[in-house]
Amino acid sequence: MRAYLACFNTVCGAVYPVTEVIYTCPKCGGLLETRYEGPSPEAWTLKQVWRERRMSNHPIDQSGVWRYREMFPFLEEDRHVITLREGNTPILDTVLASSYASVDRIRFKHQGFNPTGSFKDNGMTAGTSQAVRLGMKRVACVSTGNTSASMAAYAVSAGLEPIILIPNGNIAFGKLGQALDYGAKTLQVDANFDQILALVRVLAEKLGIYLLNSVNPFRIEGQKSIVIEMLDQLDWEVPDWIVVPGGNLGNISAFGKGARELYEQGFITRMPKFAVIQAAGASPFYEFMKAPHEHGFTPNTHPETLATAIKIGDPVSWPKAWQTIGAEGVVESVTEQEIADAKAVIGRSGIGCEPASATTLAGVKKLRAAGKIRADESIVAVLTGNVLKDPDYIYRYHTNQLKDPQEQALTGTYANPPVVVANDFAAIAKLLGD
Ligand code: F0G
């Protein structure tokens, strides 16, 4: 198989070698996509090979990303692979969340089970391996927290120097803590995500640092594995809906590319429909998709949401996300209260997730109420981050202290506050109702 980079803009269509250090098309500025040509093994053979690899002790077979390496053969040598055994995340059932959304069955593919606690690891293993293959020494990203935590871990594992830029005061502490612990050079910049992304792109180019934001096409290749692993776990039975939060829109772009390639190569016989859910205060893609052919894409210059992971107003990958949504998919937006309550319900199911991930359940509930999703349709929602990423949010919700970005109090509808009690048997027995 030969891998190459192609401009996503079909009018341009320029192609480049995968060894060129570029993130957008040098000719037209369009997004880049990794493509492959040449014969590949039959779908049924690969399905069997991938199952057999689950019994292997080889690191690249144990990785829930590289196990599926035939779907993204851009590396020439396996020795460049940097793996922390990412992927291998479960699909979990919950009666509580299904009834909350008034659907027969919603299942969660929980990417928070990843080594650094988010779906970013699926892409970062691929992006970092490419950095190693290219002989880069330093890697950089701007992040709302998860990308930086992931990049820091993979970079140091690879012996690369991680440089992280984050919007000052706007990332959850769990994520900032990870970056510091993994030893990343961490710069807190007084600007928002979109402004810092423009800056880091210039820094990367001028200082020869490898850029690992999701505009990097190899990150997208790795993130395809989330959908591939999901379908493998479902014995290739395609769900009607795959639901995912939308921020910079890299993940939905990867899901679309992954599913299309599986379909074209005969792994699945139909395409799933995709639903992207955004926070109402940071929902430029939702606004755009209301009438995509009319006004062009208008960024939101002041995105606001407590779900800081998706506090993004100018998502780079919107053209790819638009292609994925197509005519069948939907984009929805949900309020801060809806996110907070859905998160609490996911918590009470014994599953837990970070706020951005809970947009999925809130979105399904809303789409079901609007009749856009039927109760009997099969739904897999992707929980993108671990519950421990943002403990501050949890504590505030459960103690009724959570306020939205406009300082309006949110209701702890499912609040479960801790009780302060004296060190006294009788008092505690009384509290326990005994
Ligand atoms: N959920 C979580 C937990 C995230 O961290 C992100 C993105 C998303 C959803 C949205 O995914 O950007 O591919 O649409 N976090 C990035 C970061 C931006 O810097 O960690 P997307």
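**Aromatic rings in a predicted model**

Hi everyone, let's start with a cluster: Phe285, Phe288, Phe297, Trp318 and Trp322 are linked to one another through ring pairs. Please keep in mind that this is a predicted model.

Let me walk you through one of them, between tryptophan 50 and tyrosine 68. Their ring centres are 5.0 Å apart, and the planes meet at 80°. Planes over 60 degrees apart count as edge-to-face, so that is what we call this pair.

Now, where do these two residues lie? Tryptophan 50 is in helix 1, which covers residues 43-53. Tyrosine 68 is in the loop between helix 2 (59-62) and strand 4 (91-93). The pair therefore ties together parts that are 18 residues apart in sequence.

Are they buried or exposed? Buried means under 20% relative accessible area. Tryptophan 50 comes out at 0%, so it is buried. Tyrosine 68 also has 0%, so tyrosine 68 is buried as well.

Here is another pair for you to find on the screen: tryptophan 66 with phenylalanine 72. This one is edge-to-face too, with 5.7 Å from centre to centre and 70° between the planes. Tryptophan 66 and phenylalanine 72 are both buried.

Finally, let's look at rings with a charge over them. Which residue has its charged end over the ring of phenylalanine 8? That is lysine 320, at 5.8 Å from the ring centre. Over at tyrosine 100, lysine 365 lies over the face of the ring, 4.4 Å from its centre.

How values were computed:
Residues numbered from 1 in each chain as written. Predicted model: local features only at pLDDT ≥ 70, side-chain atom pairs only at ≥ 80, totals over all residues. Heavy atoms only, no water. Phe/Tyr/Trp six-rings, centres within 6.5 Å; stacked < 30°, edge-to-face > 60°. Helix = DSSP H or I, 4+ residues; strand = E, 2+ residues; numbered from the N terminus. Buried < 20%, exposed > 50% of the residue type's maximum accessible area, 1.4 Å probe, protein only. Lys NZ or Arg CZ within 6 Å of the ring centre and 35° of its normal.
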